[in-house]
Amino acid sequence: MIEYLPYILSQFIVPENVALMIAGTFVGIIFGAIPGLSGTMAVMLFMPLTYSMDHATAIIFLLSLWIGGCSGAFIGSVLLGIPGSASAVSTCWDGHPLAKQGKASKALAIGMTASFMGTFFSALFGGFLSEQVANFAFAMGAWEYTALCLVAMTMVLAISKGNMFKGLASTSIGLILASVGYSPIDAEPRFIFDNIYLMGGLGMIVVLTGIFAVSHILITFGKGFVENPKVSKEGLKGYGLTPRDFKNEAGNIIRSFFIGLGIGFLPGMGSGLSNLVAYSSAKNASKHPEEYGHGAEGGVWAPEVANNASIGGAMIPMAALGIPGDSTTALLIGALTIHGLEMGPMVFANSGNVVYLMFFTVALVAVVVFIMQLFGKRYFPYILRVPNHYMYPALLVISLASAYVDSGNLYKVGMMMFFCFVGILMAAGGLPNSPLILAFILGPIMEKNMLKAFQYSGTWTSFFTRPVSGILMVIAILCVFSPVIQSIYKRAKKSKEAV
Amino acid sequence: MKIKRDQLTGVLLILAGIFFAVLISQFKTPFTASYPGPALLPGIGVFGLIVCGAGIFVNGCRQKDADAVFLSKAGWLRVLITFVVLCVYVLAMKYLGYLIVTPFLLYGLTTYFAKASGMNTRLWVRIVFSIVVAVAIWAMYVPLFGMTLPEGLLFE
């Protein structure tokens with residue numbers, strides 16, 4: 001690891017890299033802070049810009065957008081009571097009441113400190129653990145990879161609230177979209193209708209930006225823009241925390257960190273879940289659980305440490321296995337593939353310098369974010385005042401331009417409009433987004449491994465007879481049927497109580 | 001009887017599943033138990049679409065409460081108008097290029113978005129915003145990162 005240090009440090013004396021890191025972090029914080037936007041959307045929209053960059057610059061820029069977006073999400077939660085993204089949902093529950101009690105400065109200080117701690121230390125853990133996981137992954141074959149992809153796709157279903165069928169339907173759409181183009185191994189044309197633009201597949205930017213970014217903007221406009229309430233910048237001065245604050249919350253911080261790291265590590269899970277789990281754990285462990293929901297400081301520390309700790313956690317399977325920990329790492333895997341970097345255990349042997357550059361960048365960006373937020377704290381209310389009728393048209397133009405840049409032709413921009421239509425239909429039908437992203441990115445990896453496994457063994461039973469693969473397949477099946485199992489369990493519990 | 005949104009979603013998913021199932025059946029490489037071939041991945045997708053579509057449809061039939069409104073009629077109209085404007089923009093870019101068409105699109109959308117949201121904006125602000133943002137995005141992609149944006153068939 002140490003041998004890569006000169007390479008890594010040399011990347012941060014390049015002015016272009018430093019400028020892009022600062023710009024990416026700044027843009028990411030804005031995307032994270034504004035409700036309706038997110039770091040994931042920032043990564044999606046600006047990804048085509050990286051095509052002309054060398055891979056180190058691209059990694060630094062994309063990770064800066066992501067980390068900035070994750071860290072900025074608490075701003076909307078605290079000041080408006082509206083989460084900047086799903087990762088900061090539970091931050092609202094105590095962050096906003098604190099702000100209403102006149103402690104906005106303290107709540108923001110907790111948010112930015114917790115974000116820093118979660119991101120920075122998870123990057124360190126990730127850097128140390130990922131190579132160990134990769135060494136273990138060398139023992140994995142096509143069967144285990146197939147099963148792992150299935151686990152990643154189904155785990156996100158197990159936590160999807162509401163209708164399980166809708167999550168699975170979204171996964172199915174993702175798999176079909178991932179099938180377009182020539183198939184691996186057999187080179188069979190699939191769903192291309194003699195169209196040369198479809199032969200190479202649909203393209204990640206075209207599909208995902210169309211379905212999520214453009215359709216989201218149109219739907220938001222259709223529902224009617226809700227201008228954010230004006231927040232005063234009075235009192236948003238200084239750092240706002242004392243050593244005692246850290247001492248009081250030390251246990252909460254450590255527990256939330258490991259919850260975030262662990263959940264981030266699980267394929268398909270991410271900050272959207274970890275902040276909720278950490279919040280309820282903090283509440284359960286608190287001596288004053290009745291204060292939660294009314295402005296408890298622990299209720300801000302827990303979700304913010306956990307959702308940011310998920311970053312390092314999610315990067316471990318991404319680097320070591322090539323399996324995304326969440327939808328943003330899925331996008332990053334796609335972006336890195338475009339730059340010729342295939343994540344997985346071999347990446348440590350082939351491009352170990354790049355992997356450690358990623359973890360180092362995350363840790364460094366955590367510091368940059370913290371400094372930016374510390375000095376920019378009093379300007380947070382201005383971020384939330386950006387008028388929607390200016391912001392959304394600009395984002396629409398960037399979305400369409402990114403589709404053109406990605407493909408080099410207007411046909412694909414038109415195709416993106418088609419996927420915008422699909423996205424609107426999906427939203428109207430209540431189909432969730434994350435399963436589609438994971439299935440679209442993981443589908444080709446799963447298919448390649450699954451077909452290889454069939455070529456080696458000639459039977460599907462081999463997926464269950466190999467121990468690791470078998471366990472993973474059982475987990476995947478349990479995830480699919482988890483709502484049924486849960487309802488049976490609840491019914492049994494009810495009838496037991498009745499007796 | 002009013003059709004529930006889940007019923008409609010279910011039917012659409014089933015129809016999409018059947019459509020892709022027909023296409024898969026035309027693949028040249030045969031699907032066998034020992035080697036499923038190129039039909040495997042889309043086959044899983046089709047299976048999922050049909051089963052989930054049926055599940056969502058059944059849930060829709062069981063649903064007693066009325067659907068929550070997703071978008072009002074006026075909201076759908078706003079979405080439709082914006083969608084059509086964007087499609088026209090893509091077509092216009094083909095002939096006139098990015099730099100000519102984009103300021104008009106931005107001006108049109110900011111005006112429409114502001115009007116539909118009941119916001120008062122000044123004309124000159126919208127004009128300056130449209131030109132500055134269009135040029136800034138062009139500058140970011142073209143000179144700064146060396147990419148290309150549509151130049152327009154009429155100017156080639």
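This is a predicted model: local features need pLDDT of at least 70, side-chain atom pairs count only at pLDDT 80 or more; totals for chains, interfaces and linings use all residues.

Modeller: G408(A), which comes just after α16(A), has a positive phi of about 80 degrees.

The next helix to consider is α17(A), residues 410-429. Its 20 residues should span 28 Å at 1.5 Å a residue, and the end C-alpha atoms are 29 Å apart, which agrees. The buried residues in α17(A) include K412(A), V413(A), M415(A), M416(A) and M417(A). Further along α17(A), F419(A), C420(A), G423(A), I424(A), M426(A) and A427(A) are also buried. The cover over these buried residues includes α16 and α8 of chain A, together with α3 of chain B. After α17(A) comes G430(A), with a positive phi near 80 degrees.

A positive phi also turns up in chain A at residues that are not glycine. As background, most residues other than glycine have a negative phi. Phi of A187(A) is positive, near 50 degrees. A187(A) sits in the loop between β1 (181-182) and β2 (189-190) of chain A. With 9 other C-beta atoms within 10 Å, A187(A) is exposed, because the cut-off for exposed is 12 or fewer. F191(A) is not a glycine either, and its phi is positive, about 50 degrees. The loop that holds F191(A) lies between β2 and α8 (204-223) of chain A. F191(A) counts as partly exposed, with 17 C-beta neighbours inside 10 Å.

T9(B), in helix α1 of chain B, is in contact with G429(A) and with I56(B), leaving aside its neighbours within four places in sequence. T9(B) is buried, with 26 other C-beta atoms within 10 Å. The C-alpha atoms of T9(B) and A136(B) are separated by 41 Å, and these two residues are 127 apart along the chain.

That contact belongs to a wider interface. In total, 57 residues of chain B are in contact with 55 residues of chain A. On the side of chain B that touches chain A, the elements giving two or more residues are α1 (5-25), α2 (40-62), α3 (73-96), α4 (98-116) and α5 (123-144). The most comes from α2(B), with 12 residues. By class, this side of chain B divides into 37 nonpolar, 16 polar and four charged residues.

Two of these elements, α3(B) and α4(B), also pack on each other. Their axes come within 9 Å and cross at roughly 170 degrees. That makes α3(B) roughly antiparallel to α4(B). From α3(B), the contact is made by R78(B), V85(B), Y89(B), A92(B), M93(B) and L96(B). From α4(B), it is made by Y98(B), I100(B), V101(B), L105(B), G108(B), L109(B) and A116(B). The classes in the contact of α3(B) with α4(B) are 11 nonpolar, one polar and one charged.

Chain A has a helix pair to set beside this one. The axes of α4(A), residues 55-79, and α12(A), residues 298-321, come within 10 Å and cross at roughly 170 degrees. That makes α4(A) roughly antiparallel to α12(A). I67(A), C70(A), S71(A) and F74(A) of α4(A) meet E304(A), N307(A), N308(A) and I311(A) of α12(A). By class, this contact has four nonpolar, three polar and one charged residues.

Last comes α20(A), residues 467-498. This helix has 32 residues, but its end C-alpha atoms are only 41 Å apart, short of the 46 Å that a straight helix would reach at 1.5 Å a residue. In α20(A), a kink of about 60 degrees lies at F481(A), shortly before the proline P483(A). The buried residues of α20(A) are S469(A), L472(A), M473(A), A476(A), C479(A) and V480(A).

Methods:
Residues are numbered from 1 along each chain as its sequence is written. Chains are lettered from A and ligands numbered from 1 in the order in which they are written. Axes are lines fitted to C-alpha atoms, for helices over the stretch in contact, and angles run from 0 to 180 degrees between N-to-C directions. Helices (H or I, at least four residues) and strands (E, at least two) are DSSP runs, numbered from the N terminus. Angles under 35 degrees count as roughly parallel, over 145 as roughly antiparallel, 65 to 115 as roughly perpendicular and the rest as oblique. Two residues are in contact if their C-beta atoms, placed from the backbone, lie within 7 Å. Ala, Val, Leu, Ile, Met, Phe, Trp, Tyr, Cys and Pro count as nonpolar, Asp, Glu, Lys and Arg as charged, and the others, Gly among them, as polar. The expected span of a helix is 1.5 Å times one less than its number of residues. The bend at a residue is the angle between axes fitted to the seven residues ending there and the seven starting there. A residue is buried if 20 or more other C-beta atoms lie within 10 Å of its own, exposed if 12 or fewer, and partly exposed in between; C-beta atoms are placed from the backbone.
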